[in-house]
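Hello,

Here is the structure for your files. My notes follow below it.

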Amino acid sequence: MGLNQVYRSVVLGVAGQPWIERLITTKGRPLALRFVAGETLEEALKAVEALEAEGVHGILDLLGEMVTSEEMACRFKDQILELIEAFGRLPYPRYVSLKLTQLGLDLSEELAYRHMTEILERARAAACFVRIDMEDSPRVDATLRIYRRLLEAGYTNVGTVLQAYLRRSEADLEALLPYKPNLRIVKGAYKEPPEVAFTDKRTVDRQYLALVRRNLEAGNPTAIATHDERIIREMKRWVRERGVPEELYEFQMLYGIRRDLQRALAREGYAVRAYVPYGRDWYPYFSRRIAERPENLFFVVRGLLRG
Ligand code: FDA
């Protein structure tokens, strides 16, 4: 197993301890603001305005996952409808990301599907695109099933995500191609066993490029979501060489990470979007960002020690 994977696995394991979660959610809130736009919709909309001033568009994401009751799932769905309404009042491209567990996937696939259709109807009226994030590997099949069902039902303002670290992603992409999928390609952020996910960075990077190229070659819209400069450089070269139409691809990064690179790409004329997470349930998202980079762990430990 590569060092990166060992580090991620240990951090996500420790982050799952209830006492660590209590410590971070009570003392670590100011630190979370490095990666999270705030706890309220107003703060998130302000963050979008600030990004737009730099030529970067926003993807709003109301944080929340692993919902355990139908009531909770309905509440999240209503909050996402509110978010779409509020975003629709801003004069910028509208785009939201969400997680199916937030809409009740673990309770019932049908419930999550129904909530998705309601959200997509509202999003259509607000000219808003909706991206279904990809969660951990036990949820991939259900996520792809719901995505295919939505496409079959005629929704065009929806896309999903494939994770390059999953051994299955190449086959998943091939199965999706007849649907002309709108995909975001990411490396993958969850703790996965080696039978399910590649553990070697070079293999993940190779599969990352292969997935992006395959979807673009098939003429499908593709979001290149990474902060990896080597991959970004290679993709810039590849799209130029192949003459890939500009409207087919864009670069996406996370709020608070490599803002310099986000701005630089936007200045060069590329379409760039930043994923802007907000909401009170920031802990799992925050843990995954810490698990991506040892420097982020030092940042948190230093912050906690300073009090
Ligand atoms: P990699 O981890 O190799 O990092 C490359 C470089 O980026 C690092 O050297 C560092 O400079 C910088 N960097 C990366 N992470 C950083 C961090 N946390 N803090 C500071 N610098 C950092 N995952 C998933 O499983 N499902 C999903 O739906 C999504 N959705 C999603 C949307 C968008 C817009 C993005 C950008 C990412 C996701 N992800 C995701 C997360 C993704 O899987 C991955 O964990 C992160 O993007 C980090 O991987 P990189 O591709 O940046 O490469």
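Is arginine 289 buried or exposed? Arginine 289 is buried, because 21 other C-beta atoms lie within 10 Å. (Buried means 20 or more other C-beta atoms within 10 Å of the residue's own, with C-beta atoms placed from the backbone.)

Some ground rules. This is a predicted model: local features need pLDDT of at least 70, side-chain atom pairs count only at pLDDT 80 or more, and totals for chains, interfaces and linings use all residues. Residues are numbered from 1 along each chain as its sequence is written.

**Binding-site residues**

An unreviewed UniProt entry places a "binding site" at Lys99, Arg288 and Arg289. Such annotations may be inferred rather than shown by experiment.

Arginine 289 sits in helix 12 (residues 283-290). Helices are DSSP runs of H or I, at least four residues; strands are runs of E, at least two; both are numbered from the N terminus. Leaving aside neighbours within four places in sequence, arginine 289 contacts Phe35 and Asn296. (Contact: C-beta atoms, placed from the backbone, within 7 Å.)

Lysine 99 lies in the loop between strand 2 (94-98) and helix 6 (109-125). Lysine 99 is buried too, with 24 other C-beta atoms within 10 Å. Residues up to four places away in sequence aside, lysine 99 touches Glu65, Asp133 and Glu135.

**Ligand shell**

There are 24 residues around the ligand, counted when the C-beta atom, placed from the backbone, lies within 6 Å. Asp133, Val186, Ala189, Thr226 and His227 come nearest. Strand 4 (158-163), strand 5 (183-186) and strand 7 (249-254) each give two or more residues. Strand 7 has the largest share, three residues.

Regards

Key. A residue is buried if 20 or more other C-beta atoms lie within 10 Å of its own, exposed if 12 or fewer, and partly exposed in between; C-beta atoms are placed from the backbone. Two residues are in contact if their C-beta atoms, placed from the backbone, lie within 7 Å.
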